[in-house]
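Thank you all for coming.

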Amino acid sequence: MDTDSKREEIKTKICDYLKQGMFKGDASRMSGISEDTYLRWYKEDTDFADRVEASILEYKQSLIKNLTQASITNPRIALEILRTRWAKEWEPSNLREAERAVRLSTWV
C-alpha cells in the first residue's frame with residue numbers, strides 16, 4: 001500500500017472513531033498516529049478537516065436523537081433539554097409560572 005493510500009485509510013479510521021464519540025487525540029492514537037500528526041493533517045488538508053467536523057456533528061446528532069427518543073418516556077430529560085437549549089425561557093422563575101398554569105388548567 002502506498003503512503004497516500006495508508007494516510008487516507010488512517011484519516012478514515014479517525015473519522016470513524018469520531019463518529020463513535022472519541023476525542024480527537026484518542027482517535028488519532030487509536031488510528032496509529034500522534035496527535036501532532038493529526039493536527040498537521042487537519043491544518044494542511046481542508047477536506048480532512050471538513051470530514052472531521054462532519055464526523056463530530058454526526059455523533060452529536062446521534063446523541064440528540066437518543067435524548068429526544070428517551071424524553072418520550074422520561075419527561076425529566078425533555079425538561080433538561082428545554083432548560084439547556086432555551087435557558088432563559090425555562091429558568092426556574094418562568095417554570096413556576098408555567099407550573100401554576102398547568103395546575104389551574106387541570107382544575108377546569
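Let me begin with what I call a helix: helices are DSSP runs of H or I with at least four residues, strands are runs of E with at least two, and both are numbered from the N terminus. Residues are numbered from 1 along each chain as its sequence is written, and side-chain values use heavy atoms, with hydrogens and water left out. Please keep in mind that this is a predicted model, in which local features need pLDDT of at least 70 and side-chain atom pairs count only at pLDDT 80 or more, while totals for chains, interfaces and linings use all residues.

Now to the charged pairs. Side chains of opposite charge can pair when their charged atoms come close. I count a salt bridge when a side-chain nitrogen of Lys or Arg is within 4 Å of a carboxyl oxygen of Asp or Glu, and a search of the whole structure finds eight of them.

In one of these, Glu 8 pairs with Arg 51, with 2.6 Å between the closest N and O atoms. Glu 8 belongs to helix α1 (residues 3–19) and Arg 51 to helix α4, so this pair ties together parts that are 43 residues apart in sequence. Arg 51 also forms a salt bridge with Asp 47, where the closest N and O atoms are 4.0 Å apart. Both Arg 51 and Asp 47 lie in helix α4, four residues apart, which is about one turn of the helix. Through shared partners, Glu 8, Asp 47 and Arg 51 are joined into one network.

A further salt bridge links the side chains of Glu 53 and Lys 24, at 3.8 Å from N to O. Because Glu 53 lies in helix α4 and Lys 24 in helix α2 (residues 24–30), the pair ties together parts that are 29 residues apart in sequence.

Finally, what angle do the axes of α4 and α5 make where they cross? The axes, which are lines fitted to C-alpha atoms over the stretch in contact, with angles running from 0 to 180 degrees between N-to-C directions, cross at roughly 130° and come within 6 Å for helix α4 (residues 46–73) and helix α5 (residues 75–85). That makes α4 oblique to α5, given that under 35 degrees counts as roughly parallel, over 145 as roughly antiparallel, 65 to 115 as roughly perpendicular and the rest as oblique.
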